[in-house]
Amino acid sequence: MERNKPQRKILLISLLGVFLCTGVFAYVIVKQALKEAVEDQAVAFARIAVTQATTARSVYAKEVAEKLRQDGFGPNVDYLHMKGYVPIPAQFLKMLSQASTTNTAELFHYKLVSKWNLAADQGVNDDFLRWAWPQIEQQDQAEPSGQIAWKPVWRFEQQGGRKVLRYLSPDAASQPSCVACHNHYESTPEIVARRLSDHVPVGKQWKQGQLMGALSITIPLDGVENIAAAQVKKTSSLIFGILFAGIILTIWFSRKLTQQETSLQEVARELRRSEKETQDAKELLLAKADVERAFSELSAYLQAIDQHAIVSVTDPAGCIVQVNQKFCKVSGYSEEGLLGQNHRIVNSGHHPKGFFTEMWHAIARGEIWRGEVCNRAKSGELYWVDSTIVPLKDKEGHTVRYISIRIDITERKQAEHEMTHMANHDALTGLPNRYLLEDRFHAVLAHCHRSNIKTAIMFIDLDKFKIINDTLGHKVGDLLLIEVTRRLLAAVREVDTVSRHGGDEFIILLDDIAHIEDAGMLAQKLLDALTAPYQIMGNELNISASIGIAIFPNDGTNMETLLKHSDSAMYFAKENGRNNFQYFKPGMA
């Protein structure tokens, strides 16, 4: 037994070394695994942020800016000084980056950067950007044959003692309008001066698909790494505690061996059991740390969605089983009032039945459905949402839930309606302008063609209006035009259209007339109404009007001809003493 003491000492020292090495190795492995997980998640989050930003800009450019452009307005870099215009997509993305930084409590920062920047704060102006930009620029093509497979560039670095992820994602010229806009700005004096100051070649001209700029994402990692370090410290302490207990246990077993050599096998079994428990504990701690980290990240994402989106979950039959507070706030219903109901509770009646039938057919097939829906709140107020419905399936492929995510777009819809009204109506009188008159004229002509009936256009010019406007001022003139508008509307039918043609000229489009003489009777009625005295700002005013009448199809079959002939008849009425109406005759043209 004494002979075995050196061997037991060697065994004890060896075991102590093994325990210490195991502890140190476990600490290094845990720390490295958490570091790689944090960095991988940061890069994944940066990709998501880029996708969300570019998707938002694309939706803005296609759904908002393009719609306004079609209506005669659209995006403009100087939108603050131009009524009816909105920011260009690049400015919108910059606003979105500022709002995202604020609303996420600076969870991440991103901004637009470019070698060919349009703003001084968007240049390639730090070490990372100067390192990453050439790598992205090398991927560009002089003559792109299609969409370039861009690859982002990133690295981890220290900023002010904080570890951050710097991520740069290429932003190509995806739309022809973007290409035209930026090519135009490259020739402006301000941009030329900036290029010369930055030592950048002047006169850059892009083609669709080429590199125009990039999205720079900065994600601070110090907060997450502090949490990870705490987890590493906690895990390591527990592991070393277990190892220390194992060492004590081994010493105790070693002493027992000096007393009873026959218990060696039992000690060996206890040692193997202890090592297995230690390994199991280490694996459990690692798994626990991964679960806690994943749960923390998921909670942050869900909280962000809950604050900005209207979310509801229904069963396959459409009954609501879950809603978030945003849904309750916008709809005006409590959570208890919504659960167990279906979405007909907020149906506004705005959409035809086929709209929702098509929606149900799509999601029943397992497809994701998206559309703009007008809902009615509990108060009766209407609100619009951009809705996406996603079917949630089980392992067998059966739909078990429908998840609906909506974004409130009421303000956007109201802005579109106001802009459409402004584009089609006279600002002073509120009457339809020439554009809206033309639309209604085509509809009336189509009706007259189908029904083989007549219609008429009246061209009205106020007599001596200019004298009143020049002597009493534009304010009196404007109020007089508003009163003339009221009298014209009171004299015609609801189906007829009264339009201001400009200045003191008005156009009346009659929906249909049974006899040509009906137009003359209405013209005389208008003359009688307009010649009655006006009381404007303490002044009694008297005016008259000259009216020219053109009949469809006798005097023309299109708007241009009928307007021209009614204008000729109006001038003939003026030449015949004013305050009368004249039908168009061929000799007047």
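A salt bridge here is a side-chain nitrogen of Lys or Arg within 4 Å of a carboxyl oxygen of Asp or Glu. Keep in mind that this is a predicted model.

**Stop 1: charged pairs**

Select R365 and E367. Their side chains meet in a salt bridge, 3.1 Å from N to O. Is R365 buried or exposed? R365 is exposed, because its relative accessibility is 54%. E367 is partly exposed, with a relative accessible area of 37%.

Now select R155 and E157. They form a salt bridge too, and the closest N and O atoms are 3.0 Å apart. R155 is partly exposed at 25% relative accessibility. E157 is buried, with a relative accessible area of 17%. D126, R155, E157 and R166 are linked in a network of salt bridges.

Next, select R500 and D426. This salt bridge has its closest N and O atoms 3.1 Å apart. R500 counts as buried at 16% relative accessibility. D426 counts as buried at 18%.

How many salt bridges does the count come to? The count is 17.

**Stop 2: an antiparallel sheet**

Select residues 310-314 and 399-408. These are strands β7 and β11, which run antiparallel and are joined by five bridges. Find I310: its bridge partner in β11 is R406.

β10 and β11 pair in the antiparallel sense over nine bridges. P391 stands opposite Y402 in β11. Then look at the hairpin of β10 and β11, which has five residues between the strands. There, G397 takes a positive phi near 90 degrees.

Move on to β9. β9 and β10 pair in the antiparallel sense over eight bridges. E372 stands opposite D386 in β10.

Now show the whole sheet. Five strands form an open sheet in the order β8-β7-β11-β10-β9, with antiparallel pairing. β8 (320-323) and β9 (369-376) stand at the edges; each has a single partner strand, so one side of each is left without a neighbour in the sheet. On average, neighbouring strands of this sheet are turned by 30 degrees against each other, direction ignored.

**Stop 3: a mixed sheet**

What is the order of the strands in the open sheet with mixed pairing? The five strands follow the order β13-β14-β12-β17-β18. The edge strands are β13 (497-502) and β18 (581-583), and each pairs on one side only. Here neighbouring strands are turned by 20 degrees against each other on average, direction ignored.

Select residues 544-552, strand β17. Three bridges join β17 to β18, and the two run parallel. I547 has F581 in β18 as its bridge partner.

**Stop 4: a surface patch**

Select V24, Y27 and V28. They form a nonpolar patch on the surface, with about 250 Å² of accessible area together. V28 lies in helix α1 (residues 5-70). V28 counts as partly exposed at 45% relative accessibility.

**Stop 5: cysteines**

Select C328 and C448. C328 is buried, with a relative accessible area of 10%. C448 is buried at 1% relative accessibility. The structure holds zero disulfides.

How values were computed:
Residues numbered from 1 in each chain as written. Predicted model: local features only at pLDDT ≥ 70, side-chain atom pairs only at ≥ 80, totals over all residues. Heavy atoms only, no water. Patch = residues over 30% accessible without salt bridge, like charges linked within 9 Å, V, L, I, M, F, W, Y side chains within 5 Å. Areas by Shrake-Rupley, 256 points an atom, 1.4 Å probe, with all protein chains shown as cover. Helix = DSSP H or I, 4+ residues; strand = E, 2+ residues; numbered from the N terminus. Buried < 20%, exposed > 50% of the residue type's maximum accessible area, 1.4 Å probe, protein only. Disulfide = S-S within 2.5 Å. Pairing = 2+ DSSP bridges. Axes fitted to C-alpha atoms, helices over the stretch in contact; angles between N-to-C directions.
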